[in-house]
Amino acid sequence: MIFNQQHTESVNLIESINSNQFLSAGEDNKIIIWNINPLEYVCTLQDTSSYGHFGGISSVEIAFGNHLISADKSGNIIAWLTSSKMISWKISNAHTNSINSLKLSRPTHLASGGDDGYLKVWNWLTSAQLNSIYLGSKLKSFGILGYFQMLLVGLDESKVFINLFYIFFISLL
């Protein structure tokens, strides 16, 4: 089934929001929310001013409450209040290159990783950076397994670090 086109450029990711909604995000810097049953457009999250995303949306996390956090290929992170479709805050240049992965842990912590080789931890409620570590290679993906007991990091050059950052992040995650 092909449904009504709302994106004007390539779709980079699709994520489930809940049992009846999903989102799509793309190179057009739009996050579009859809209902599943019936399949229909709900709304678009996009700020076309200089405060919005640039370079395409690369990662999205569904946050606690009515928030959604998105990152782009220009290194910016934005928290959206979905009920009003407005930006709560923006971290400009959170990374110097593309942010490839975002993960939430605990009610207040957000981790981000990107092509600049940094893994960073933020308080997503205040947008304050809590810590960072340089990995020496582009960070392509990471995951937090168990109840924040293990961190898996996938880097460029076919490297995977397992549990390497446990001590570093245990107080933050």
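## Basis of the description

In this predicted model, local features need pLDDT of at least 70 and side-chain atom pairs count only at pLDDT 80 or more, whereas totals for chains, interfaces and linings use all residues. Residues are numbered from 1 along each chain as its sequence is written, and side-chain values use heavy atoms, with hydrogens and water left out.

Strands here are DSSP runs (E, at least two residues), numbered from the N terminus, and two strands pair if DSSP finds at least two bridges between them.

E5 and E6 (residues 67-72) run antiparallel and are joined by five bridges, and the bridge partner of Glu 61 in E6 is Ile 69.

## Nonpolar cores

A nonpolar core is taken as a set of buried Ala, Val, Leu, Ile, Met, Phe, Trp, Tyr and Cys residues joined through side-chain atoms within 4.5 Å; buried means under 20% relative accessible area, exposed over 50%, and partly exposed in between, with a 1.4 Å probe and protein chains only. The largest such core has 14 residues, and those with the most contacts inside it are Ile 69, Ile 77, Leu 102, Leu 110 and Trp 124. At least two residues of this core are supplied by each of E6, E7 (77-81), E8 and E9 (99-105), and the largest share, three residues, comes from E9.

## Aromatic pairs and charges over rings

Rings of Phe, Tyr and Trp (its six-membered ring) pair if their centres lie within 6.5 Å, with planes under 30 degrees apart counted as stacked, over 60 as edge-to-face and the rest as tilted. The structure holds three aromatic pairs. The rings of Trp 34 and Tyr 41 have centres 6.0 Å apart and planes at 80°, so this pair is edge-to-face. Trp 34 is buried, with a relative accessible area of 3%, whereas Tyr 41 is partly exposed at 35%; together with Phe 22, Trp 34 and Tyr 41 form one aromatic cluster.

The rings of Tyr 118 and Tyr 134 have centres 5.0 Å apart and planes at 50°, so this pair is tilted. Tyr 118 lies in E11 (residues 118-123) and Tyr 134 in E12 (residues 128-134), so the pair ties together parts that are 16 residues apart in sequence. Tyr 118 is partly exposed, with a relative accessible area of 30%, and the charged end of Lys 120 sits over the Tyr 118 ring, 5.4 Å from its centre. This arrangement requires NZ of Lys or CZ of Arg within 6 Å of the ring centre and within 35 degrees of the ring normal. Lys 90 likewise lies over the face of Tyr 51, at 5.7 Å from the ring centre.

## Backbone features in loops

A cis peptide bond, with omega about 0°, joins Asn 37 and Pro 38, and Pro 38 lies in the loop between E3 (31-35) and E4 (40-45).

Asn 29, in the loop between E2 (21-26) and E3, has phi near 65°, a positive value in a residue other than glycine, and counts as buried at 17% relative accessibility. Ser 127, in the loop between E11 and E12, has a positive phi of about 70° although it is not a glycine, and is partly exposed, with a relative accessible area of 23%.

Note on methods:
Helices (H or I, at least four residues) and strands (E, at least two) are DSSP runs, numbered from the N terminus.
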